[in-house]
Every structure is written in C-alpha cells, then in structure tokens.
Amino acid sequence: MNTVIRENDISHVVEADRAHIWHHLTQHKPFETGEPRVIVEGKGMRVWDQKGKEYLDAVSGGVWTVNVGYGRTEIADAVRDQLVKINYFAGSAGSIPGALFAERLIEKMPGLTRVYYCNSGSEANEKAFKMVRQIAHKRFGGKKHKVLYRERDYHGTTISCLSAGGQDERNAQYGPFTPGFVRVPHCLEYRAQWDLSGEEYGKRAADAIEEVILAEGPDTVGALCLEPVTAGGGVITPPPGYWERVQEICKKYDILLHIDEVVCGVGRTGTWFGYQHYGIKPDMVTMAKGVASGYAAIACLVTTEEVFDMFKDDASDPMNYFRDISTFGGCTAGPAAALENMRIIEDENLLENTVKMGARMLDNLNALAEKHAVIGQVRGKGLFCGAELVADRLTKEAADEKMVQAVVADCGAQGVIIGATNRSLPGLNNTLCFSPALISTADDIDNITNAVDKALTKVFG
Ligand SMILES: Cc1ncc(COP(=O)(O)O)c(C=O)c1O
C-alpha cells in the first residue's frame, strides 16, 4: 500500500471521490450508503484498493487494457524521458516516438503502411468512418458512404460509434443516431439464426452480409466494420469459413474492410492482431486499449497505401486531403509508451505465453462446464475468454443477470476481479468475461478459474 496516500488520509480521497466523481458505467445510488472502490496501486497482475485489499485482476484494468501488467517502471521511465524532452506538438508535425512506433507497428502488419494517431478507440473508429465518407464524396458523388456494422459488436461511445453499435441496450436512450450505418447479423452459432453448423454456418452468416449489401445497393456501401472476435457483445469467436467469405464479399463489391482491433490488438488473442488468425487483408485497422497498456492514452488508425493515396492524389485541390484534427494525437507520451510496451511483449515472449495460458484458461473453463450445468458455452482466443451462463442448457435461456452479477461479486469478494457482459444486449448480459494480462502464469489462471468454480457453486449450487 502506498504510504504517501496513507499519510494523506485515504478516507479523504474516498470522500472526495464520493462527492465529485462521476464514474463511468455506474449507478451511483449505492454510494450514498457504501463506498466507491478506489484502486490505489498495481503490480504485475495485482491491484490494491483503498482498504489494502489485494485483487488478482482477470480483466486487465476492467476493460481489456493493461496487457503487460501493472507497475512497469520501464514504460514510466520512457514516458518521463520523452515528456521532459518534448511532450507535445500538433500532429501536422512529426515526433521521434511517433515515427519510430509507426515503423515498428507497420512491421507487424504486412499490407498496411500508414498510421494516424489519436487518443481513444472511439475516436480512431470515427476517423475511419470519416475517411469512408470522404472517399465516397471524392470518388462516388457521396453515394458509396454507408458503413455496415454487425449485431453484437461495439465500436465506441460517441453518437456515430453508437450508430455503428450492435448492442441495443448499450444504445438505448442515446438516439437519434447518425444516418448511414446499417446492421448485419451476428455470427454466433450458439445463438444460431440458421439451421446449419460449422463451416456451413460460417459461410451462411457471411452470406447474410451480402444480402444486406444487395438490399442497400452495393453502390451505396463504402465499408464493413467488424471486430475480429466480438468483445463486449459476448466474446464471440467467428465460426470457420466466415472470414474467408467476408473477404470475398468485400472484394466483390469494392467495400473497404475496417477491422476494429481495439480489444484484440497488440497481443490479446496470441497474435499481434486478431485478424491475423484468419488470413484477412484489411484496408483499415483501428486499435487503442493495449497499444500502450493504459500507461498513456493512444489510439491508431492504420491503413493501406491505397487508402492513403486517395487523400493525396490531387494536390491542386485544397480539399483533397484528410482534413481531420486530433489535438491529443500529438501527445508524445502515447507512442513512447507504446514502443516500450511492444518491446516488453517481444522480450518476454508474451505472444507465446498468451497462446499457452489462453489454452489453459479454455481447458479450465471447459472443465468447469463439465461440473456446472449453468455454463452453456465456453468461447475464446488467447487470453480473451468468455463463459456464457444459461438457466437451461437445452433451451439456452439466458441465466438471470442478477445471478451472473452475483458470480462476479463473489469472485471479487474472493479477491479476483472478473467481468461480465453488462447492459449490452437486452436479455443476454449473461457471459462471464476473462482477459487477464499477457503475463499471466499457470497459477494465476488456475486461481482465476478456481474462484469462478467456487462462485458458481455458491450462486447456482
Ligand atoms: C471493440 C471496441 N471498439 C472500440 C471501443 C472504444 O474504445 P474507447 O473506449 O477507447 O473509446 C471499445 C471499448 O471498449 C471496444 O471494445
């Protein structure tokens, strides 16, 4: 426990929080009688709260972010050194860490060449949507501007990102939405929309995208935006055959493929990027959370040279470039932290570890499924796993949300922070989520799943 904060009186901090902080995703009524949680310190896989209680963090900072774990002094030192040299200059000029990180990143993303910096996943996705619209205006008289997005996917919190949001409960009460965003069906076979399985199911789910394109008119559709593995919509790994067909469809109708790697990017699934499991060739990739593991706010929109070229092909036209602004895209702390974050992942072989520990986590969860009938399906890729809880395995009726949350709470009481889909899909917020840091050991994984085992026994018997 940090002694400086102790001396400053942690109870004062808690009162200041209670009086003035508006926490994200939180109903504050309970804080009128109880205390908000304040996290005061972190090291490796563990964090400590204001009471000194230690937690094993199975969700990398709550939202799949701290990929290399807490307390990395190397990243803090790199950021400090950079800040005292030059902290900021607007993105119309370059920076040393900005150029060097872009070069390192592009090495990991064959086929892509250009990096646009900004400061959140939502912002990166907005930039991509703006590019699609500008390309439509420049080349297609404004017509080919629509962005297709998938049911259950999430792309961010702004109104236009929510307009591309496939989670109806997350979107509720925030309309009206931005026009030009069109939904395609999800690809989760467990909640099947077609009476098919395996590769046949995957192809059918992709064909459903083509049906939407044809209904809208291919000359109106500019891009398809998808998560490689759907995160907050229930940890949905794509069925076999899906991505190959999606790629074919995009090619056939000249539709840009925008992959949202905000969660999957930078190692989470055991490859640098989630799309790399599936042989996809994206035109645009967005990333944020794990890029610098939360040591600094940084997001990137990465494109092919073909996309980039469309914004410089007529230099005599004063409107013919990407006229977007990102003030904090010019912060140097982000790329300085990202460079060090990437070095750690390489030096410590964290991709390999993610594959190994991810397999262990899936095995452990599948073993729990043998024991607890409430687990309807276990899904995941690398250290990104989910367990969907059901009241009845045959009907697949979702488990009561309050009981799902009781499992999360019981793990917390045991000192293990896990997640669950939350105010995302009406009636289907029933998937437990696990995304521990890429540094997880076998003991960490076992401790997480042992806590879940106990919690499931306690809540569901
Ligand atoms: C897949 C995905 N895309 C985009 C975002 C938005 O990122 P941010 O919260 O940094 O704006 C999130 C956030 O959870 C996400 O899960």
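What percentage of the 461 residues of the chain count as buried? The figure is 48%. Buried here has a cut-off: 20 or more other C-beta atoms, placed from the backbone, within 10 Å of the residue's own; 12 or fewer is exposed, and in between is partly exposed.

Two notes before I go on. This is a predicted model: local features need pLDDT of at least 70, side-chain atom pairs count only at pLDDT 80 or more, and totals for chains, interfaces and linings use all residues. Residues are numbered from 1 along each chain as its sequence is written.

Overall shape, then. The C-alpha atoms fill a box of roughly 65 × 60 × 45 Å along the principal axes. The radius of gyration, taken over C-alpha atoms, is 22 Å. A compact globule of 461 residues would come out near 23 Å, so the chain agrees. That rule is 2.2 Å times the number of residues to the power 0.38.

The chain has 15 helices and 15 strands. Both are DSSP runs, numbered from the N terminus: helices are H or I with at least four residues, strands are E with at least two.

Now contacts. Two residues touch if their C-beta atoms, placed from the backbone, lie within 7 Å. Take contacts between residues at least 6 apart in sequence: 72% join residues at least 24 apart.

On to the open sheet. Four strands run in the order β1-β2-β3-β13, with mixed pairing. Strands pair if DSSP finds at least two bridges between them. β1 (39–43) and β13 (416–417) are at the edges with a single partner strand each, so one side of each has no neighbour in the sheet. Inside, β2 (residues 46–49) and β3 (residues 54–57) are antiparallel over 3 bridges. Trp48 stands opposite Glu54 there.

Next, a hairpin. Strand β11 (residues 375–380) has 6 of its 6 residues buried, so the rest of the structure largely encloses it. Its antiparallel partner is β12 (residues 385–389), over 5 bridges. Val378 faces Ala387 in β12. The hairpin has 4 residues between the strands, and Gly382 takes a positive phi near 60 degrees.

Last, a helix pair. α14 (residues 401–413) and α15 (residues 442–460) pack at about 135 degrees, axes 9 Å apart. Axes are lines fitted to C-alpha atoms over the stretch in contact, and angles run from 0 to 180 degrees between N-to-C directions. That makes α14 oblique to α15. For reference, under 35 degrees is roughly parallel, over 145 roughly antiparallel, 65 to 115 roughly perpendicular, and the rest oblique. Contact residues include Met403 and Ala406 of α14, and Ala451 and Phe460 of α15.
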